[in-house]
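The report below takes up selected elements of the structure in turn, beginning with a helix and ending with the relation between the chains.

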There are 2 protein chains.
Amino acid sequence: MSGEDGQDGRAGQNAQGGHAGQTMARSLWRLLVGSPLRARDVSREQITPVEGLPALSLDALTSVAYGPEAIIAVLAVAGATALHLVLPITIAIVALLAILVFSYRQVIDAYPGGGGAYAVSRDNLGAGASLLAGASLVVDYTLTVAVSIAAGVASLTSAFPGLTGATVPICLAILAVIMLLNLRGLADAARGFLLPTMVFIIGLMIIIAIGLIHPLALHATQPGRSQIPAKALETVSVLLVLKAFSAGCSALTGVEAIANGVPLFKEPRAKRAKFTEVLLGSILGVLLLGLAILADRWHIGPRSGQTVLSQVIGESVGRGWAYYVLSVTITIVLALAANTSFGGLPVLASLLARDNYLPHLFALRDDRQVFASGIWALAILAAALLIAVDGNTLTLIPLYAIGVFTGFTLSQSGLVVHWWRNRPAGWQRRAAINGTGAVVTAAATVIFLITKFTEGAWVVVVAVPTFIFLFTRIHRYYRLAADLLGFDQIPGQPHAEPTIVVVPVAKVSRLVQRAISAALSISDQVIAVISIPEETGEGGEDKERKIRDEWASWNPGVPLRLLRTEYSSVAAPLLAFVDELSKQHTEQIMVLIPVAVPDKLRYRPLHNHFDLVLTAALRDRPNVLTARVEMPLHLPARHRGIKDPREET
Amino acid sequence: MSGEDGQDGRAGQNAQGGHAGQTMARSLWRLLVGSPLRARDVSREQITPVEGLPALSLDALTSVAYGPEAIIAVLAVAGATALHLVLPITIAIVALLAILVFSYRQVIDAYPGGGGAYAVSRDNLGAGASLLAGASLVVDYTLTVAVSIAAGVASLTSAFPGLTGATVPICLAILAVIMLLNLRGLADAARGFLLPTMVFIIGLMIIIAIGLIHPLALHATQPGRSQIPAKALETVSVLLVLKAFSAGCSALTGVEAIANGVPLFKEPRAKRAKFTEVLLGSILGVLLLGLAILADRWHIGPRSGQTVLSQVIGESVGRGWAYYVLSVTITIVLALAANTSFGGLPVLASLLARDNYLPHLFALRDDRQVFASGIWALAILAAALLIAVDGNTLTLIPLYAIGVFTGFTLSQSGLVVHWWRNRPAGWQRRAAINGTGAVVTAAATVIFLITKFTEGAWVVVVAVPTFIFLFTRIHRYYRLAADLLGFDQIPGQPHAEPTIVVVPVAKVSRLVQRAISAALSISDQVIAVISIPEETGEGGEDKERKIRDEWASWNPGVPLRLLRTEYSSVAAPLLAFVDELSKQHTEQIMVLIPVAVPDKLRYRPLHNHFDLVLTAALRDRPNVLTARVEMPLHLPARHRGIKDPREET
């Protein structure tokens, strides 16, 4: 059914070609998103491992801005002592990270063409699993955008508390900028992202180094500043530890992005991609561990209006220029991390649309060669989420990671099947690694579901099956429609019939002359019709006679039918006439509506848009063709010139 | 140009006739406004003088609810002593009322067909004066609706102070109900209005009688309750008196309505109408004087949350059942007074539209035989006003009456001209009466403008010329358009040309078969075209070959043109092709777009609406005709039946 795609729905914007109807709104839009691009204009530059960090790993790297925070927020409930569990929990998460990195290195080997969870599970586990992967990923791409932007704005408001009141508007403004950049097609301008990414990584490394070298640090003069009551450690239950672990695993989202993006790398692709995966794992692991150690050492707890990361930076280097530079950088890289989701979801949606699981619109590139529908859909969903949670990262964390880890599990399981089916050299070892990944991530997913269910994870549990239901219904429709349209069959031969053209008129004029000319060009069976509403006591007879006389004195060679009506609508009698005509004749019927179109938009409301009313009404009659005959009215400069039709004859 | 009217823009709702496309929203709307009416279904019942009060005089009668209030509000600024001026000012207003009543009795004689200020000044004073009258009346009809509703709700909230917070929503709800009743066409159900009108008139008469008979009344135990500081009378300036007079003259609006509505009366029309005018004048005069005497006697001043009328009623009969019955009745009759403006403005707008001063849409009756556009316009304007002033009557009073009095002046002056021109028996006496009316109302208008200018009257001074400017611009456009369309000329003969039909296709299917059949029915010059976006590195060649092979094996007898494009839009190359075609050929060109239309609305988003994109783009090319060929898809019940076209051939 996707063959139908080419038929419908490209953006109308580039149907301009210098014509008059171009409005200011359209020009403004062009200014924002740029002019149409050729497919070959789109750069396909290829990246190195270092460039791979800003291009594919920002989602994962920037999660240090909210992962440790999420752990601390959970543990703080049990009192200050519980905060000592931050470090062991972080170690567990880093261990999980290591397993994921090695699993995904194998995904790169197996799918050098880009191994997204949707594609891998479709190939190896079947349609059902691939839909589960697709739905999970849709949910998590949306969450990534919302979480990253919210965390970025939290970093900004930590540094500049005066902005706190405007959290949601700032979030939405950042989202709008990201959306516009993506509609322009600048999403993969990864090289431009290199500088902030490096400032971010190196800056945090330095912060951690300073923190570790100066045990109570240069500025950390008040250890134990946290105001949380010291409860006994016994009150920290296993459930709480698992909760903290689940919350912290939000730091692992995005680890899969490099494996999805293998085709972006320079040759040898797989090798470079695998190296990038290790690079990402190492940096992320070091950052997570370093932050955990410092948070533990400095007794950092949740503080309103101050992110954990902001507190760590403040403790380490004080609130000088370095603090502000890093805070703003964090905001920028988090916005860029949201941007990487905009690279992911539209492509996923286009794959789903090609497989008939989403409307075909999602598979169409717009005139900037981007999947505009997917970009819009993601922006709208993320905006709704941000508004719903009031721009608060911690409200979103319980929903987060479940989708990603479902994707992890499915693609690792798929890989196991893949190795089993293909059995390359050393397949047992490979299958074992991916098997471990699958089991561990499956276990993590279950832990997430149990520990976070009441805190919001139920939303995901509702949303994912809803998406799957939607996908299958759409798929069913496209299958039925393809049947009805007879795709992949040779249809019968077309056959011609004579055509009767009906021209609704109101008053003899050049417009009617033009319409009758157009009608006679189509068929010699033309009927002009006029509706005359009966106006009580206003001499309908006279009006009728006047019209007949006018027509007779013009004598255009076409009969005029007068349709009297007691109702005020002039459309209804015309429709009745057309229905009667199609009952009595086997001929094809076409209604040709004359329309005067002033060249200035502001005059349009002065014409009653009978053509729209009639066209809408005739839509219910698929056997009747409807067309408009336009006569442009050029006002007021006469020399711009409407031809006098009498000169033509 | 108004002959064009019949052509365009009747409501699409009654294009239903039992077809499938009827949505729930449409059904709900039908439920609210009722099904279409024949012109002769609309009752033309004729009324007696007593029925004339609710039908035509409510605006004037109900102004006792805000007129005295407006006087007191102005005088109170100068202190309690100034309140003694209420009575003399009211006497002056009642004298003006008497002059108006006698002037309008003569208007009835001169214009038994209904003598609105617009019609009278158009006939006697020329186009300029009639536009001034039209613009003034538009402004004041809107103000009447807003003032009446706001005063009605003020009466309600005086009785039930708990409702004060919801003032604006209650105003808008009442407005919505009135609008819907008018869209149903129940505006002239005047007989139903008789009961509340009589309760209102008789109730207030009794209140006044009680107040006058029992000097300090049954319940008026606390005379002088007003808390306004007693200033010396000397501080009351002439300006203040004039201001109070101007404000009080808002009570005289609506006196002209009977003269406008003469055709509604039973024969002998003029006589009955003139009697009604006197009846109205007497009742209104008595009520105004009575209220002024009581307000003076009981030292009634402005009190927040309590209208003056509410205070008078409370003083007279106490806050028992009678108080509540009267308060609610006042709300009802004020809403009904707003309703009479809905009788006036749409008719005025239809006259302006017939004279080409407003869009012709305003001259069209909708399928309930009412001027729906005028009703909507009035409701929207009044709603905007009510929201802008927060439902406060006193904010609107300074804007009010200027328009009405301008209309008074123009129609009285017009009458003087009328008598002068026709010179019937006793024309000098008649001209003298109308001349007096013209001079007095002109003087009042000037007083209003001076005294109320800074309090809001400037809005009217801006709005009226703006409307006049709008009217003349619209008039100019219609004159130019009529020229361009060659109205009142016999156009040249139509002439036929051969037609080339272009059918954009995407993939061989039954839909394309149907479209090609339709195209061959129109012309034997049919070209099928297909746009193929060049997808870098995705085997465009293969795709092209596949399409060519498919077409060749179908062999529908029509050539297929492949349009390659480097851009992603499939519309642009098609438009370029059509442009090229129309450059190279003199033939008429028609684009026939195949569209699959699922019968269930929820499936529509699954089809990309390429037809809309293409139709919109082709609108800029008036020489190209565009039509859709629809193929309905019936889902999923196959037996509802799509015919297999192979069976037909």
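## Helix α15 of chain B

In this predicted model, the buried residues of α15(B) are Ala372(B), Ser373(B), Gly374(B), Ile375(B), Leu378(B), Ala379(B), Ala382(B), Ala383(B), Leu385(B) and Leu386(B), where buried means under 20% relative accessible area with a 1.4 Å probe and protein chains only. Their cover includes α7 (127-159), α8 (167-184), α14 (321-354) and α16 (393-396) of chain B, contact being taken as heavy atoms within 4.5 Å.

The helix itself, residues 372-388, has 17 residues and reaches 24 Å from its first C-alpha to its last, close to the 24 Å expected at 1.5 Å a residue; the expected span is 1.5 Å times one less than the number of residues. Following α15(B) comes Asp390(B), which has a positive phi near 60°. Helices (H or I, at least four residues) and strands (E, at least two) are DSSP runs, numbered from the N terminus.

## Strand β2 and its partners

Eight of the nine residues of β2(B), residues 525-533, are buried, so this strand is largely enclosed by the rest of the structure. With β1(B), residues 499-504, β2(B) pairs in the parallel sense over five bridges, pairing requiring that DSSP find at least two bridges between two strands; here Ile500(B) stands opposite Gln525(B). With β3(B), residues 560-565, the pairing of β2(B) is also parallel, over six bridges, and Val529(B) has Arg561(B) in β3(B) as its bridge partner.

## Helix α22 of chain B

In α22(B), residues 610-618, the buried residues are Phe610(B), Asp611(B), Val613(B), Leu614(B), Ala617(B) and Leu618(B). They cover an arc of only 160° around the axis, which puts them on the same side of α22(B); the arc is that of the directions from the helix axis to the C-beta atoms. Among the elements covering these residues are β1, α21 (571-584), β4 (588-598) and β5 (624-633) of chain B.

## Relation of the two chains

The same surface serves both copies, since 100% of the contact residues of chain B recur in chain A.

## Conventions

Residues are numbered from 1 along each chain as its sequence is written, and chains are lettered from A and ligands numbered from 1 in the order in which they are written. Local features need pLDDT of at least 70 and side-chain atom pairs count only at pLDDT 80 or more, while totals for chains, interfaces and linings use all residues, and side-chain values use heavy atoms, with hydrogens and water left out.

Notes: Buried < 20%, exposed > 50% of the residue type's maximum accessible area, 1.4 Å probe, protein only.
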